[in-house]
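Please look over the model shown here. A short report on its contacts comes after it.

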Amino acid sequence: MPQVLDTLDLAFEVNGDAVSVKVPPGATLLDALRDALELTGTKLGCGEGECGACSVLLDGRVVNSCLVLAAECAGAKIVTIEGLAANGKLHAIQQAFVDQGAIQCGFCTPGMIMATHALLADNPTPSEADAKRALEGNLCRCTGYRKILDAVLSLANGGVAHD
Amino acid sequence: MIRTDVATEADAKRTTKEPSFIGKRVPKLDAPDKATGLARYLDDIKLPRMLYGKILFSGRPHARIVNIDTAAAKALNGVRAVITADDIELVPFGFGSDNTALKKGTVTCVRDEVAAVAADTPQIAAEAIKLIRVTYEDLPVVASVAEALADGAPVIHEKAPNNIPFNFDYLHGDIEQGIAESDVIVEDTFNLQRVTHCCLGTSGIIAEFDATGKLTLHSLSQVPFLYTHDLSRIIGIPPQRIRVIQPPIGGGFGSKLDVHPFEPICVFLAKATQRPVRMHFTREEEFFATPTRQPMIIRLRSGAKKDGTFTFRDVKMTLDNGGRTSWGATTPWISMRTFSSLYRVPHVRQDVDVVYTNNIYACAFRGYGNPQATFTIEAQIDSLAEKIGMDPLDIRLKNAQEPGETTGQGMVLRTCGLAECLDTAARNAGWEVKHSGAQKPTHGIARGMGMASLFHVGGGAKIYRSDGCGTMLKVDDFGGVTVQTGSSEIGQGSETVIAQIVAEELGLPIANIRIINNDTALTPWDVGVHASRTTFIAGNSALRAAREARGKLLDAAAAMLKRDADEIDLADGKVVDGDTGEPLESIGKVIRGMHFGGKHELVMTTDFYEPPSKAPDKEQKGDISACYAFGTHVAEVEVDLDTGVVKVLGFSAAHDVGRVINQLGIEGQVEGGIAQGIGYALSEELKVEGGYVLNPTFTDYKLMTTQELPEIKTAFIETQDPAGPYGAKGIAEAPLVPVAAAIANAVYNATGVRITELPLTPERVLAKLQEARGDKSGETYGETCGQPHG
Amino acid sequence: MTVIQEYLAPRTLEELTRLVGDGEAAIYAGGTDLGPRWNKDVVEKPATVIDVKAIAELHGVRVDGEEVVIGACTLMSQIEADPMLRKSAGALAPAAGRVACPQIRNRATIGGNLCNASPAADTAVPLILLDAEVELASVGDDGVVRRRVPITEFFTGPGSTCRKPGEVLTCVRFKPLPDTTSCAWDKFGTRPAMEIAVASVGVMLEQADGVVKRARVGYGSVAPTPLRGHKAEAELAGKRLTAEVIERVTAAARDEINPISDVRAGAEYRRTVIGVMLGRMLNDAAGA
Ligand SMILES: Cc1cc2nc3c(=O)[nH]c(=O)nc-3n(C[C@H](O)[C@H](O)[C@H](O)COP(=O)(O)OP(=O)(O)OC[C@H]3O[C@@H](n4cnc5c(N)ncnc54)[C@H](O)[C@@H]3O)c2cc1C
Ligand code: FES
Ligand code: FES
């Protein structure tokens with residue numbers, strides 16, 4: 001085994017649940033989510049902050065979890081894609097992505113949805129320009145973005161319940 | 001015998017009925033799992049005792065391996081296997097049989113696989129790779145096609161002493177005659193860059209053996225049956241002992257059409273350790289160690305008569321094949337179809353040299369040689385139109401084929417909506433007003449509009465002896481239907497299309513239909529996802545299986561209800577009165593009636609659909625596809641004449657799709673293709689210099705972001721192809737094909753400057769503009785090198 | 001194998017400066033420069049990471065006497081949205097808003113941007129226009145010792161600054177721009193988003209009766225460090241923004257920069273776009 005001199009015991013909140021994990025001090029939040037907590041909905045697309053597939057909410061802000069050290073999340077509140085659907089029902093954003101055809105291969109989808117979540121929490125009635133800007137750091141190779149923006153804008157017009 | 005008349009008489013009555021699912025906006029079946037993070041992609045799968053594999057790539061473009069010392073790697077705690085070419089049987093594979101899983105002797109590009117490890121964690125595997133010491137003796141590097149063809153160039157593979165392993169030549173008509181008939185002739189040399197798929201999910205595989213030596217692969221292959229066959233040879237395991245399970249994949253676009261070396265390597269690691277092994281590429285590896293689109297140099301000459309009639313095309317293409325050969329080398333088979341048959345041209349010649357270099361190599365990529373060919377043809381059409389003073393739309397309309405024509409290459413256009421595509425795309429774009437031939441400004445912002453069309457196979461392509469697909473369908477006791485189809489879902493939405501077809505035929509809600517399409521142990525044979533064939537071929541097969549099941553159900557229900565089978569129908573999961581729609585019995589009850597009593601039967605049907613296409617003859621002629629797809633794109637751009645920035649303002653696309661099956665899905669395919677095409681046109685280029693990849697990151701390999709998304713108008717021309725399911729043709733690849741050509745034509749319209757190289761980066765565009773203005777030689781710009789700061 | 005073995009998050013500046021000590025450990029803020037390097041496994045990872053974000057003093061925007069103070073850990077997204085900065089920090093807020101994307105702006109700090117010392121750092125040129133200073137702190141015999149360095153002297157080369165190994169950047173300070181000034185800044189890249197600048201340029205003008213009283217010009221990505229445009233400023237001083245003056249200013253700008261050719265762009269092209277962007281800004285200012 002590699003020489004990991006230290007393992008951190010971290011406690012934080014993920015999707016409303018208090019969790020504690022043991023990770024090496026250099027582990028990223030993405031590692032902690034995917035490996036330690038088996039929350040594999042958050043994707044690794046690049047590991048360099050360039051694709052947005054790993055987007056999660058960290059204390060309400062959307063961030064690339066591949067660039068966040070797990071260690072600094074002690075006591076933080078994290079929301080991942082697994083935290084949106086409730087009582088067996090898709091969250092309104094998820095439903096809009098499904099209905100509007102915003103999902104093809106789906107690899108970018110969790111990140112897109114988290115970035116959308118952050119946008120709508122901030123600005124419930126975004127314009128197309130606002131939506132484009134909010135998702136500028138989320139790459140999608142399949143859809144060409146049109147249907148993703150349609151999904152976001154469908155929520156802006158119809159209104160969406162925020163928690 | 002091949003049955004092409006998929007529509008039977010009994011269906012005639014129903015076809016007048018408004019369909020329940022066909023042509024509707026149906027969300028993808030797998031979307032909810034993907035929206036919630038439940039979908040389990042390859043790197044989400046962790047098997048008990050699974051090890052992590054990693055490859056040591058040569059990192060040198062051309063060198064002899066003198067020695068590999070793996071001792072330190074083997075000694076590292078947690079390392080379970082280290083293998084080199086000495087540890088495996090080396091079976092040549094790939095289209096040119098010039099590749100092996102691990103390399104012995106010479107490495108011919110930086111991505112050549114030299115050794116591999118399996119370890120307890122990815123970190124240990126990465127560390128072990130660094131501990132492997134390879135001694136190389138560097139050989140002279142052939143960094144470009146020109147260098148490869150120079151006198152005395154180093155030979156890269158001995159079987160091609162001139163570095164030209166393949167030619168793909170083609171001819172119809174007589175070029176000399178075409179030249180003689182021409183009033184105007186244009187000639188250009190085009191340079192098409194190397195781009196790569198950039199699937200958001202990177203490549204990977206999991207290999208595991210059972211106690212009897214049977215192999216299960218969790219593989220991203222989009223051609224699982226051919227893949228099993230090819231892989232079997234490489235790893236020395238009979239194909240019937242290999243099972244391929246395909247998890248959802250993070251994008252395909254042609255990248256998963258070959259067996260890639262990492263796949264047998266992972267099998268060898270699993271064999272060596274007798275544990276499951278997962279291999280998963282980093283983004284950097286994905287950029288330099290997976291294949292790309294072919295860079296091509298294309299010299300094209302084409303001509304027209306004064307009235308606009310096209311006379312000939314004479315093409316000389318040179319492909320940078322890189323250091324090894326994958327299926328990508330065969331893209332000229334498709335480009336020749338575009339040269340021969342995009343619009344009516346009586347005389348066409350294609351002459352292709354595929355050239356070995358020490359660059360990384362290419363494979364299939366959406367469009368398969370067609371975007372490159374289309375780019376050159378459509379550029380020259382605008383030049384010809386200008387020379388004879390014709391509107392670019394008119395000259396295209398003049399040469400657009402009509403339904404019923406056979407092209408010079410022997411392809412029979414039973415349906416052809418090209419003229420309608422041209423008209424529709426132009427109308428929706430406001431062509432008449434916005435395509436102006438006015439005086440071009442020299443500074444500030446200029447606007448322009450350009451168009452380009454496409455021709456592509458729409459009903460598969462018979463490049464193997466069969467281009468078929470199998471379906472097995474069962475209707476269960478509860479009115480549910482399970483469809484096992486050979487065709488894979490790679491994000492393109494085929495699963496949903498098949499479910500729509502089956503639901504339509506059996507009068508069931510989509511929710512009652514389960515599609516099994518990702519396990520070769522269960523699914524019947526299929527050629528694979530390529531050539532835009534899935535909707536057409538798998539769709540037809542599913543349609544026929546469903547129709548047979550429908551017949552059986554109606555017969556059984558008629559007997560049970562003591563009615564005539566003609567008088568009843570299936571709707572909303574029930575047997576209903578054919579005229580009034582009144583529900584008579586549930587489908588589940590009919591099935592239960594069948595097996596509990598009566599004749600002790602079940603409704604299970606199978607179908608194998610082989611399209612009515614022909615393999616090409618020795619001259620590459622023949623009706624290779626059951627139908628052909630057409631389309632036209634019109635781009636409107638803004639060019640900053642002082643900085644060279646090109647901005648796409650709007651896009652209008654019209655596609656002959658035969659018939660729309662899923663409106664939502666097909667729009668998504670078109671929009672996605674346009675976005676990829678914009679990247680190809682404006683910003684994407686994998687830069688390779690001296691054999692090394694310079695920009696293996698998303699920061700420097702520039703995909704289109706949301707911010708560049710133009711306004712897009714899509715239109716679908718429904719030509720109702722008689723052979724297609726409900727009249728549909730395949731579309732998957734088509735939308736990417738004409739995009740760059742339309743944009744370049746729009747830039748020409750805006751600036752009066754023709755640029756024959758891609759991508760149209762600001763720097764390149766400005767250099768050409770300045771050259772044309774005579775400001776500066778323009779030569780001070782251009783080739784850049786080195787690593788960026790910051 | 002290099003593995004991060006220790007993660008520390010001191011709560012006071014004093015503790016921080018003591019821990020930073022000889023500078024062996026990595027100072028860690030938003031991690032948007034450090035993270036990609038660590039993940040790619042191309043650099044030796046430090047054994048110890050010291051996170052500076054738990055120190056309250058390093059966060060936020062405040063007024064201190066005549067100066068505006070921006071804590072080192074202030075995020076790009078906070079700078080972009082801060083009402084005071086939008087009003088009186090010239091191009092700084094808009095430039096922060098052009099960094100990468102929301103996910104990065106929610107992590108990237110101004111201190112990290114400056115200490116990373118990329119010639120492409122987007123906050124550097126706006127700070128040059130403000131005559132800003134950075135404050136550096138280290139541990140001394142009697143606690144924390146602070147010194148100030150003008151922004152133009154801070155950068156010493158690509159990736160290097162005059163910050164000594166034991167020093168921490170605590171804040172950026174500048175005098176708010178009066179209403180009589182105007183600022184413009186732009187960066188150039190092949191895409192409108194997610195772009196590391198190929199070139200950037202900014203200009204601050206104080207005009208009275210159509211005459212330039214005071215000017216500041218700065219450039220990014222066209223020299224080993226972000227650069228102040230002394231020659232362009234000299235061409236502007238005391239002049240009216242006529243076409244000839246603008247031409248002379250842009251010529252001076254093209255002349256005084258020292259760009260390189262790399263995979264992102266050629267040197268000559270960088271020169272051109274600097275001239276074009278600056279010319280357009282001055283034309284706008286002349287028209288206004
Ligand atoms: C995808 C992507 C896109 C980007 N786009 C842009 C862009 O458009 N424009 C741009 O300017 N930058 C860009 N960057 C770079 C980066 O986001 C910025 O430079 C950012 O401001 C760095 O801040 P940080 O807090 O994340 O730094 P960190 O990564 O935490 O640190 C950066 C460096 O500064 C040192 N450091 C940090 N804080 C202090 C301190 N208080 N005292 C002393 N040393 C310190 C660290 O030791 C390290 O050497 C991009 C990065 C990524 C990953
Ligand atoms: S994986 Fe984090 S941004 Fe790409
Ligand atoms: S749906 Fe495939 S990357 Fe977005």
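## Basis

This is a predicted model, in which local features need pLDDT of at least 70, side-chain atom pairs count only at pLDDT 80 or more, and totals for chains, interfaces and linings use all residues. Residues are numbered from 1 along each chain as its sequence is written, chains are lettered from A and ligands numbered from 1 in the order in which they are written, and side-chain values use heavy atoms, with hydrogens and water left out.

## Chain A with chain B

Chain A brings 44 residues to this contact and chain B brings 51. Contact means heavy atoms within 4.5 Å. About 4,000 Å² is buried between chain A and chain B, and carbon and sulfur atoms give 58% of that area. Buried area is the accessible area (1.4 Å probe) that two parts lose on being put together, summed over both.

Six salt bridges are counted between chain A and chain B. A salt bridge puts a side-chain nitrogen of Lys or Arg within 4 Å of a carboxyl oxygen of Asp or Glu. A:Lys147 pairs with B:Glu667, with the closest N and O atoms 2.7 Å apart. That pair links helix H18 (residues 663-683) of chain B to helix H5 (residues 146-158) of chain A. A:Lys147 also forms a salt bridge with B:Glu671, at 3.2 Å between the closest N and O atoms. The side of chain A that touches chain B has 20 nonpolar, eleven polar and 13 charged residues. Here Ala, Val, Leu, Ile, Met, Phe, Trp, Tyr, Cys and Pro count as nonpolar, Asp, Glu, Lys and Arg as charged, and the others, Gly among them, as polar.

## Chain A with chain C

Here 31 residues of chain A are in contact with 32 residues of chain C. The two chains bury about 2,400 Å² between them, with 56% of it on carbon and sulfur atoms. In chain A, the most area is lost to chain C by A:Leu67, A:Glu72 and A:Glu136, together 23% of what that side buries.

Five salt bridges are found across the interface of chain A and chain C. A:Arg133 and C:Glu80 meet through their side chains in a salt bridge (3.0 Å, N to O). Strand E3 (55-58), strand E4 (61-64) and helix H4 (128-134) of chain A each supply at least two residues of the side that touches chain C. E4(A) gives the largest share, four residues. Helices (H or I, at least four residues) and strands (E, at least two) are DSSP runs, numbered from the N terminus.

## A helix pair in chain B

Helix H16 (residues 534-561) and helix H17 (residues 587-596) of chain B pack at about 80 degrees, with their axes 10 Å apart. H16(B) and H17(B) are therefore roughly perpendicular to each other, a term for angles of 65 to 115 degrees. Axes are lines fitted to C-alpha atoms, for helices over the stretch in contact, and angles run from 0 to 180 degrees between N-to-C directions.

The contact residues of H16(B) are B:Leu553, B:Ala556, B:Ala557 and B:Met560, while those of H17(B) include B:Ile587, B:Val590 and B:Met594. Residues of this contact divide into eight nonpolar, one polar and one charged.

## Backbone features in chain B

The peptide bond from B:Leu758 to B:Pro759 is cis, with omega near -5 degrees. B:Pro759 sits in the loop between helix H19 (739-751) and helix H20 (762-773) of chain B.

B:Tyr343 has phi near 70 degrees, a positive value in a residue other than glycine. The loop between helix H10 (332-341) and strand E16 (347-356) of chain B holds B:Tyr343.

Definitions and conventions: Angles under 35 degrees count as roughly parallel, over 145 as roughly antiparallel, 65 to 115 as roughly perpendicular and the rest as oblique.
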